[in-house]
Amino acid sequence: VATHALDAKPSKNHPSNSEPRSSIIWMGALALFIAAVMFIPRMGAWSMWLDEINMVEASLAFRPLEFHTYLFRPGHPPLYFILLRIWTLVTGQTDAAMRALSMLAGMIATALVYRVAVDTTHRPFAGLTAAAICSAMGFIQYFVHEVHNYAMLLMMSMAFVLFYMRWWFGSRQRSATLGVVVATAGLAYTHYYSMFVIVAASLFSLTMIVRRRGDVFRWFRLQVIAAVTYLPWIPAMAAIANERLTTSASGGSRRITTSAPTSWATIADTIRVMLYDQQILYGLLLLIGTVGIVLLIRREGRRQNGRLLNTVMFLVALIVGSTALALLVNLRYETFINRRMIFLLPMLAILLGIGLAALPKAWIRWPLTVAAVALVVSANRPIELPGDWGFRQANEVVAANVETNDLVILQFSEDPFIGRPLRYYAHQLLPADNPILLLGDQSLANDFNREFFATQIAANYTDMRERFWVIRSSDPSLGQTDISWVKFLSDRAFTESEDVRSGWMTISLFTAPLEQRGPLPGAPELPDPPSLPQPFGDLFRLDRVQVDRLQVSSGKTIIVWLDWRAERQPDQDYIVFLHLLSPEGQLVSQVDETPSFLDKQVRTVFWPVFTPIYDSHVLPIIPGTPPGDYRLTVGMYEAMDLSPVPITLSDGLTVNELRITTITINP
């Protein structure tokens, strides 16, 4: 039967060829509508997880003029990243916008599933059934909603199947030949697991070498032409093989974990995951479909259904061959299989669609198809994947309630699984002026580590703020949830508000009133004081100046109080200096120090915006300084290159230091 069918051509008098074109069009539109109903509603339902963040960051790092360097990066092939980069330039970087590219690829894949089934049977109902079942599959629905190249793998694999069938089982038109080359190259540039599809199809072609030797040779010539197009990627593919196949996979129980000979249990586990634990349902549908195909062949003649047999055998060969090749690789190397074999599901959907459409009566076909799609949809259970952990939602809660200068601490373990998505959404959603502190590299295993983090790192931010937020995991298995380090912060008693849960994340808000500094007790009024507030460049503003005395003896000290504000977030450290100058301009005393906040030195990179910084300095009067009147000045300079901060006075004059007052040194 197989050899007879391979050479058979559909008869012009085949009754199914009489289907009107309008029927093909409206059923195709209905198939796309069903796919849209399945795919669109949940595009932004959950936050991105680590794999998606990796895809986004790799795409954003792509530069067209550096294409050659991108090809040599280990990881996935570059086609998806190039398209995602172009896509984000047009649509923006929201979760829904970036996932829309995968949704679009899923819609195109659905249309291709419809077209393959219609080409095979000349029955639009077969295409509608196949497309509906394909778009209803939970595994496909999840990955069509991901910023990942799996949806594009679906699309490219179905394009490959369509053009293969048109080339092998139809006429050798130039469009089919070009389609085979482009689809083969597109698969190779989309995902490295696509090689299993290409190899399985080529092995299937070899089975026909006795009867169609010339066509087999022509097929492999096309594969050589396609291979030339991805020669630039071969070094990257070698790097991928070296990285992925010499390093064991890690994490997650839903993977083929054995590097020993593949067992039936590992195969069953792959099938179970991809079918959402609904093997019995799909097995029953396949059984009914097989009965339908057998009845159709008996009813309309074996030779007239040559294309049907060709397609069925080809799809079965791809499913079995691709899986066998992947599992053979797993005999030697430990690697994920299930989600990377997602391209098998549309082929299964086509087989189901062809089989259900082959049932003899319309009153059987329609109710059974509707029931099958309904059962597939209802069988979809939530899959426990990290996209449901609430990374975006937690940051959205904080962003909606955060105040100017609130510190946000992202607390997670060293594992980037949580840290990278949290950091991505924090930088995307939180105001730019709010500092973000990452607690991912600091262990909190004991009180010593907690105190070190609190006093040496966090206190630099929290000492000048009334509030700070902590976003952390709710489950100890996902990261660090211990917040007892807060008690080591300072003498201020921070109180914690009621925790808010968002997905698997917990949000805490800590508050403590910030001490306000009044006038210096007994400070004299400055004669001829400077005009305040006084801008220092475009970064700082000096609001108030006080000194503890205007007359002093040599060998004593003067305390100078300075109230600063940052006009915008400083991106480097600055030093405050005080100079005591003689009438001739000679420097007789000075102090250069990191500014302080309530007698504790705090670098300017930690200063909050528009918050008073209560700075103070002690200026020594060197013994033996001659009596007389001296000018006290203040200024700032960059800690790294010593460049002074320009001070523009009210009269327009720009100076490097501001006169505060006159200090009299007594004999």
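How are helix 10 and helix 12 oriented to each other? Helix 10 and helix 12 are oblique to each other, a class left for angles that are not under 35 degrees (roughly parallel), over 145 (roughly antiparallel) or 65 to 115 (roughly perpendicular).

**Before selecting anything**

This is a predicted model, in which local features need pLDDT of at least 70 and side-chain atom pairs count only at pLDDT 80 or more, while totals for chains, interfaces and linings use all residues. Residues are numbered from 1 along each chain as its sequence is written, and side-chain values use heavy atoms, with hydrogens and water left out.

Show the whole protein chain. Its secondary structure comes to 21 helices and 19 strands; helices (H or I, at least four residues) and strands (E, at least two) are DSSP runs numbered from the N terminus. Of the 667 residues, 53% count as buried, where buried is under 20% relative accessible area, exposed is over 50% and partly exposed is in between (1.4 Å probe, protein chains only). Among contacts (heavy atoms within 4.5 Å) between residues at least 6 apart in sequence, 77% join residues at least 24 apart.

**Stop 1: helix 10 and helix 12**

Select residues 174–188 for helix 10 and residues 213–229 for helix 12. Their axes come within 9 Å and cross at roughly 45°. Axes are lines fitted to C-alpha atoms, for helices over the stretch in contact, and angles run from 0 to 180 degrees between N-to-C directions.

Now show side chains. Helix 10 contributes Thr177, Val180, Val181, Thr184 and Ala185 to the contact, and helix 12 contributes Trp219, Leu222, Gln223, Ile225, Ala226 and Thr229. By class, the contact has 7 nonpolar, 4 polar and no charged residues. Ala, Val, Leu, Ile, Met, Phe, Trp, Tyr, Cys and Pro count as nonpolar, Asp, Glu, Lys and Arg as charged, and the others, Gly among them, as polar.

**Stop 2: Ser194**

Go to Ser194 in helix 11 (residues 194–206). Ser194 is buried, with a relative accessible area of 0%. Its side chain reaches the backbone oxygen of Leu187 at 2.7 Å. Leaving aside neighbours within four places in sequence, Ser194 is in contact with Leu153, Leu187 and Ala188.

**Stop 3: helix 7 and helix 17**

Select residues 124–136, helix 7, and residues 344–357, helix 17. The axes come within 7 Å and cross at roughly 140°, so helix 7 and helix 17 are oblique to each other. Helix 7 passes helix 17 in a right-handed crossing. On helix 7 the contact is made by Phe125, Ala126, Thr129, Ala130, Ile133 and Cys134; on helix 17, by Pro346, Ala349, Ile350, Leu352, Gly353, Ile354, Leu356 and Ala357. These residues divide into 12 nonpolar, 2 polar and no charged.

**Stop 4: Thr369**

Thr369 is buried, at 7% relative accessible area. Not counting residues up to four places away in sequence, Thr369 touches Phe125, Thr129 and Leu356. Thr369 and Thr129 are 240 residues apart in sequence and 6.4 Å apart in space, C-alpha to C-alpha.

**Stop 5: Thr110**

Finish at Thr110 in helix 6 (residues 95–121). Is Thr110 buried or exposed? Thr110 is buried, with a relative accessible area of 1%. With residues up to four places away in sequence not counted, Thr110 touches Ala31, Ala35, Phe39, Ala131 and Ser135.

Technical notes:
A polar contact is a pair of N or O atoms within 3.5 Å; within protein, one must be able to donate a hydrogen and the other to accept it, and residues adjacent in sequence count only if both atoms are side-chain atoms. A crossing is left-handed if the near helix is turned anticlockwise from the far one by less than a right angle, and right-handed if clockwise.
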